[in-house]
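Hello,

Here is the structure I promised to pass on to you. Please open it first, and then read my notes below.

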Amino acid sequence: MKHLELGFIGFGLIGGSIARSVKKKHLDLSIKVYTRRHNPHLEKGVEEGIIDELLYSIDEHFSSCDIIFLCAPVLKNIDFLSILKPLVNPSCIITDVGSVKGNICRAASELGLGRQFIGGHPMAGSEKTGYENSTDILLENAYYLLTPGQENRPEDLQTMRDLVLATGANCIVLPPEEHDRITAAISHVPHIIAVTLVNMVRRNDNEEQNMKAFAAGGFKDITRIASSSPEMWQDICVTNGESINDFLQYFEQQLEQFRHMIEKGDRPAIHNEFRIAGDYRNSIPTRKSSIIARSYDLFVNIDDRTGAIATIATILSVNGISIKNIGIIHNREYADGIMKLELYKEEDALAARRLLEQNRYDIADRE
């Protein structure tokens, strides 16, 4: 790969992780980052050698860039296209990292940048944000989707493919419209449903908040994604409204059918819905990173005795495994495992499992 000059507009968790991962490979490249104001974390990025040049305005400094990553919220990225248009050189590739592709691909084409813009979506993330939480392994084995248009040059798409592979991600190329339907079905609508479920419980709880008290376990697991950025999700709902509405309407129809099955006491139909859903859910691969941030958890059955948690923490710490969080699961009506251990990395979770099993702890499998 020839020397590349990369520009980043917005440099948080995703942008920082892209930069860290390609810098780790010691590729021949330099990185420029635009930020609106002084940020001590980004200044540390300069000291670390991740950022080669920190800029406080979008100007001619970006004219020499070979690739520019737009890492701001999805609607803001479109505004940056207009700002960049008079600045970029004709051979510069512009890409983004948003989870909606149709609107920005259309906007780029309308601005006359269709030849240069290739949509991008790294399907990885974390509950933490900001450059300070970026890592050089965040994108490893994650899907990184590219959504080129008819105007794009094959050599530019290949350049983007090569760069994506350098991050450790799996590069997938598909049309913007297909991308938006997929993400609506597997991410956007599930987020909306999770928010609705949480608000259903919140609005129907009693003064003693008994529902909230008993919500740990299954309810908290299936609604974890409701704790996402409201600002980000309002943009997603607006920009991918058509696909989201299609699947919400379908979901409403399915709920209505389920309601009728329950109303009629149709046991075979209810059983069949749970069976086919369970079969399909169990067939979903677990090793690939998903669009919903992965949590590396272990569920351990332990005796209720003094020092039980401390013993497990000691076993892991003396073997160099850091625990992100420990929780006791009070509601285990639908799943086994009394104690939940959250680990930072997949390899930590695997190592912790081996150590605990060697010490005769019972690990509960949850998929």
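Is aspartate 136 buried, partly exposed or exposed? Aspartate 136 has 30% relative accessibility, so it counts as partly exposed. The terms work like this: buried is under 20% relative accessible area, exposed is over 50%, and partly exposed lies in between, with a 1.4 Å probe and protein chains only.

Before going on, a word on the source. This is a predicted model, in which local features need pLDDT of at least 70 and side-chain atom pairs count only at pLDDT 80 or more, while totals for chains, interfaces and linings use all residues. Residues are numbered from 1 along each chain as its sequence is written, and side-chain values use heavy atoms, with hydrogens and water left out.

Now to the salt bridges. In general, side chains of opposite charge can pair when their charged atoms come close. The rule used here asks for a side-chain nitrogen of Lys or Arg within 4 Å of a carboxyl oxygen of Asp or Glu. By that rule there are 13 salt bridges. One of them joins lysine 24 to aspartate 136, with the closest N and O atoms 3.9 Å apart. This pair links distant parts of the chain, 112 residues apart: lysine 24 is in helix H1, and aspartate 136 is in the loop between strand S6 (117-122) and strand S7 (143-147). Helices (H or I, at least four residues) and strands (E, at least two) are DSSP runs, numbered from the N terminus. Lysine 24 counts as partly exposed because its relative accessibility is 41%.

Another salt bridge is formed by lysine 101 and aspartate 96, whose closest N and O atoms are 3.0 Å apart. Both lysine 101 and aspartate 96 are buried. In helix H10 (residues 241-264), arginine 259 and glutamate 263 are four residues apart, so about one helical turn separates them. They also form a salt bridge, with 3.2 Å between the closest N and O atoms. Arginine 259 is partly exposed at 42% relative accessibility, and glutamate 263 is exposed at 55%. Salt bridges with shared partners also join Lys24, Asp136 and Glu140 into one network.

Next, have a look at strand S2 (residues 29-34). Six of its six residues are buried, so the strand is largely enclosed by the rest of the structure. Leu29, Ile31 and Val33 point one way from S2, while Ser30, Lys32 and Tyr34 point the other way. Two strands count as paired if DSSP finds at least two bridges between them. S2 pairs with strand S1 (residues 4-9) in the parallel sense over six bridges, and three bridges join S2 to strand S3 (residues 53-55), also in parallel. Tyrosine 34 is the bridge partner of isoleucine 9 and stands opposite leucine 55 in S3.

Helix H3 (residues 74-84) is worth a look too. Its buried residues are Val74, Asn77, Ile78, Phe80, Leu81 and Leu84. Seen down the axis of H3, these residues fall within an arc of 160 degrees, so they line one face of the helix; the arc is that of the directions from the helix axis to the C-beta atoms.

Lastly, isoleucine 326 lies in strand S10 (residues 323-328). At 34% relative accessibility, isoleucine 326 is partly exposed.

Happy exploring!
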